[in-house]
Amino acid sequence: MHTRRTAVVGAGIGGLGVALGLLDKGLVAGPELTVLDAEPGSGRIQTHTSPQGAVCDLGAARYNPLLHPSLHGLLDRFGVRTRPYVHRVRYPTDEVARFAAADLSALGGHGGSFLEALSEVLGAPAADRFCASTGYGLLRDHRFSAPWGLEIVTTHPEVFRAEAYRGAWRAPVAGLGALVRGIRDHLRGAGVRFLQPARLVGVRDGSGGLDLDILAGNGARRELAVEQLVLAVPPGAVPAIRLPVDPAGFDWYPHLVDVPMFKGYLVFHDAWWRRYDLDQVCVVADNELQKIFFDSAGRTVSFYCDSANADLLNRLRAGDTRTFHREVAARIEQAVGRRLPQLAGLTDLVCRYWPAGVTYLGRGAPAVGPGCVRIADRILLGTCAFSRNPGWVEGALDSAGDVVSHLAEG
């Protein structure tokens, strides 16, 4: 079988998924495949190990085999050990029973936003409290569709309507970074070449294919001739690349929505929160932290927030570290409802901010499939932003599968 020289831009789980799929199906031979990424490390799923040995997964930290079969299959294939992910949940309102019993079946066919559709069922004030009680700020965004919102509140483990799925969630023991490393090692063993750090600057039509203009991390420029190109990058990165087509013509581009995300870990020498009956508890906060996790297995107290809350936390972090820690500790105590003096005794503080943590298409439709867009002849964009799981690893793998299927067909 003739295979084509191919470049994949992006060494996150989506780009690695494309490269792995092309090899698995025999569409590209390993030595004819090049993967580029602007970052020098293993990919965008990053795992931090504290001096005390605590693993802090700064990307996705959990998955559900029922909801994420592609990810589950890869974890099994590459021998990544997992453990049950079980947290008791404390909510900020006593209305949870009423919210859990509400009939939201009609929301799936609503053409507006989730908050708009929910307001028609519960009334505007109760709908706002409903969203706050889930721990997902983006549900209040008027651009976030009703079907996607309904999927979040019926599947995500902290939400009071997700009982059917709650017991199936799992977490990789050493973080999802172990999966990224396993896939990379497999690709390297097959002869795939990695260029990192290397940024794709431009693409032009060449004789029999495409000529890529690449900027290496040391500032050197180089060219790479390929027959096909896959951009496994956030859609917002596409206009920065000189392409044989004007990005202004992408009719989907004006409808992209970026939701920032912030994730933080406070690491401790011992799990002191056991004495407060907080062990393996998720507190859904009524402040900017949104969700707070007390995890004895990792000796961490972690928090997650999105939307404007993420921007606020990032601004706080830009100042003095001690002040940031005090602000976070005060919000944890406010959410728990009691003083926790041991919060001052952390041994490590790890945070990450994604200005475009979740990107999705507010309206419109991609040109080829739910996770794949043809940018130009020989150039495909694969992105979880258009998938059924925007922002999730499973969405990136769904997108990778769409890209591989499309290349196999044509």
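1. The model is a predicted one, and the points below should be read with that in mind. On helix packing in general, two packed helices are described by the angle between their axes and the distance between the axes.

2. I begin with helix α8, residues 177–189, and its packing against helix α1, residues 13–24, where the two axes come within 10 Å and cross at roughly 35°. The crossing of this pair, α1 and α8, is left-handed. From α1 the contact draws on Ile13, Leu16, Ala19, Leu20 and Leu23, which meet Leu179, Val180, Ile183, Arg184, His186 and Leu187 of α8. Sorted by class, the residues of this contact between α1 and α8 are nine nonpolar, one polar and one charged.

3. Helix α8 also packs against helix α2, residues 69–77, and here the axes come within 10 Å and cross at roughly 65°. Because angles of 65 to 115 degrees count as roughly perpendicular, α2 is described as roughly perpendicular to α8. The contact of α2 with α8 comprises five nonpolar residues, one polar and one charged. On the α2 side the residues are Leu71, Leu74, Leu75 and Arg77, and they meet Leu179, Ile183 and His186 in α8. Like the pair in the previous point, α2 and α8 cross in a left-handed sense.

4. Which residues join helix α9 to helix α10? In α9 they are Leu312, Leu313, Leu316 and Arg317, and in α10 they are Phe324, Glu327, Val328 and Arg331. The residues of this contact divide into five nonpolar and three charged, with no polar residue among them. Helix α9 covers residues 307–317 and helix α10 residues 321–336, and they pack with their axes 8 Å apart at an angle of about 140°. The two helices are therefore classed as oblique to each other, and α9 passes α10 in a right-handed crossing.

5. Is Glu394 buried or exposed? Although its side chain is charged by class, Glu394 counts as buried, because its relative accessibility is 3%. The residue lies in helix α11, residues 393–409, and its side chain reaches the backbone nitrogen of Ser70 at 3.0 Å. Leaving aside neighbours within four places in sequence, Glu394 is in contact with Leu67, His68, Pro69, Ser70, Leu71 and Asn389.

6. Ala38 sits in the loop between β2 (33–36) and β3 (47–49), and at 31% relative accessibility it counts as partly exposed. Not counting residues up to four places away in sequence, Ala38 touches Pro197, Ala198 and Arg199. Ala38 and Ile241 are 203 residues apart in sequence, and their C-alpha atoms are 13 Å apart in space.

7. Tyr253 belongs to the loop between β12 (228–231) and β13 (256–267), and it too counts as partly exposed, at 30% relative accessibility. With residues up to four places away in sequence not counted, Tyr253 touches Pro235, Gly236 and Pro239. The C-alpha atoms of Tyr253 and Gly364 are separated by 9.3 Å, while the two residues are 111 residues apart along the chain.

Conventions: Residues numbered from 1 in each chain as written. Predicted model: local features only at pLDDT ≥ 70, side-chain atom pairs only at ≥ 80, totals over all residues. Heavy atoms only, no water. Helix = DSSP H or I, 4+ residues; strand = E, 2+ residues; numbered from the N terminus. Buried < 20%, exposed > 50% of the residue type's maximum accessible area, 1.4 Å probe, protein only. Polar contact = N/O pair within 3.5 Å; in protein donor to acceptor, adjacent residues only side chain to side chain. Contact = heavy atoms within 4.5 Å. Axes fitted to C-alpha atoms, helices over the stretch in contact; angles between N-to-C directions. Parallel < 35°, antiparallel > 145°, perpendicular 65-115°, else oblique. Left-handed = near helix turned anticlockwise from the far one by under 90°.
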